[in-house]
Amino acid sequence: VDLAVHGDDFKRFEAEGWSRRAETFDLVVGRVTARVIEPLLDSAHVGAGSRVLDLACGPGHIAAAAAARGAEVVGVDISERMVELARERHPAIGFEVGDAERLPFPSASFDAVLAGFVFNHLPSPEAAMAEIARVLAPGGRVALTVWDEPERARIVGLLADAIREAGIDVDAQVASGPSPYRLADDAEMLKLLTGAGLAGAGVSTYAFDHPAEDADELWEGLLGGSIRTTASVERAAPEARERAREAFGRLLERHRVGDGFAVPAVVKLGSAQRR
Ligand SMILES: C[S@@+](CC[C@H](N)C(=O)[O-])C[C@H]1O[C@@H](n2cnc3c(N)ncnc32)[C@H](O)[C@@H]1O
């Protein structure tokens with residue numbers, strides 16, 4: 001993808017950020033997102049022989065789960081390192097570099113498009129949904145996941161709150177990006193799906209706890225799987241970073257269970273069908 005041609009600083013920031021985060025994504029965040037893969041596949045009716053696109057595949061967990069159901073799968077991601085990692089881990093599946101807003105596929109070529117935790121990273125969700133509708137065959141289905149609002153999805157909210165408490169200014173320090181929680185609102189999710197001309201739009205909510213043993217591991221893992229927040233922390237002064245780590249520990253105590261923690265994760269899953 002020639003991002004420079006499209007002049008899109010935010011996408012370049014994301015592509016570079018995710019390439020640097022590819023190896024650490026699975027410490028925590030990739031394990032949390034993996035817990036909603038089966039509902040995602042079910043919503044899009046993925047089965048043996050389905051032609052599936054794993055959009056923003058990251059290291060390829062969703063693609064692998066679809067292939068395990070006997071689907072014909074291809075994965076796409078804007079980060080070169082994520083695509084390399086997905087190829088290393090799943091050599092039998094095809095992965096390529098591409099932008100969700102300009103999919104490198106002919107029209108009507110998939111029975112299912114699965115988009116896990118990417119719509120919160122896109123400058124134009126409408127452009128991406130129009131592309132999805134274009135590449136879906138008639139009757140094909142899309143299923144996408146995003147985090148719920150951070151006051152409920154504490155797995156993402158803890159880090160953001162800790163940074164705010166430490167006085168680290170996120171907006172001033174990273175590329176100004178799209179609102180990460182717009183689609184946590186069911187009405188916005190439905191509007192996005194129906195606005196692309198899709199039928200039978202619906203939203204479900206999945207709530208579960210992520211078990212964690214150790215606060216430091218959770219802190220490192222969350223930073224290793226975030227882009228905008230981590231960029232802010234990396235650019236902050238060491239004392240501010242230290243304050244954020246302390247605030248994180250304090251906020252995390254609310255989720256203590258015995259010797260460890262149970263951190264609430266809440267996910268919105270939207271789905272619809274091409275007419
Ligand atoms: C949170 S990860 C999700 C990975 C995987 N789908 C999952 O559910 O675990 C977000 C992924 O979106 C990719 N991404 C961000 N912007 C993108 C874009 N415009 N087009 C394609 N992929 C993009 C990133 O490179 C990253 O791998």
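1. A backbone N or O atom of Ala56 lies 2.7 Å from a nitrogen atom of the ligand. This distance, like every other value in this note, comes from a predicted model. Ala56 sits in the loop that runs between strand 1 (51-55) and helix 5 (61-68). The phi angle of Ala56 is near 65 degrees, which is a positive value in a residue other than glycine.

2. For Ala100, a backbone N or O atom is found 2.9 Å from a nitrogen atom of the ligand. For Asp77, the side chain takes part: one of its N or O atoms is 2.5 Å from an oxygen atom of the ligand. The ligand on its own exposes 600 Å², and 98% of that is buried by the protein.

3. How many residues are around the ligand, and which come nearest? There are 19 around it, and those that come nearest are Thr33, Ala56, Asp77, Ala100 and Gly116. Sorted by class, this shell holds 11 nonpolar, 5 polar and 3 charged residues.

4. Ala108 also deserves a look at its backbone. Its phi is positive, about 55 degrees, although Ala108 is not a glycine. The residue belongs to the loop between strand 3 (94-97) and strand 4 (110-116).

5. The last point concerns a pair of helices. Two packed helices are described by the angle between their axes and by the distance between those axes. Helix 2 (residues 9-21) packs with helix 12 (residues 228-235) at an angle of about 80 degrees, and their axes are 10 Å apart. Helix 2 is therefore roughly perpendicular to helix 12, because angles of 65 to 115 degrees count as roughly perpendicular.

6. On the helix 2 side, the contact is made by Phe10, Phe13, Glu14, Arg20 and Arg21. Helix 12 contributes Arg228, Thr230, Ala231, Glu234 and Arg235. By class, the contact of helix 2 with helix 12 has 6 charged, 3 nonpolar and 1 polar residues.

Conventions:
Residues numbered from 1 in each chain as written. Predicted model: local features only at pLDDT ≥ 70, side-chain atom pairs only at ≥ 80, totals over all residues. Heavy atoms only, no water. Axes fitted to C-alpha atoms, helices over the stretch in contact; angles between N-to-C directions. Helix = DSSP H or I, 4+ residues; strand = E, 2+ residues; numbered from the N terminus. Parallel < 35°, antiparallel > 145°, perpendicular 65-115°, else oblique. Contact = heavy atoms within 4.5 Å. Nonpolar A, V, L, I, M, F, W, Y, C, P; charged D, E, K, R; others polar. Near = heavy atom within 4 Å. Polar contact = N/O pair within 3.5 Å; in protein donor to acceptor, adjacent residues only side chain to side chain. Areas by Shrake-Rupley, 256 points an atom, 1.4 Å probe, with all protein chains shown as cover.
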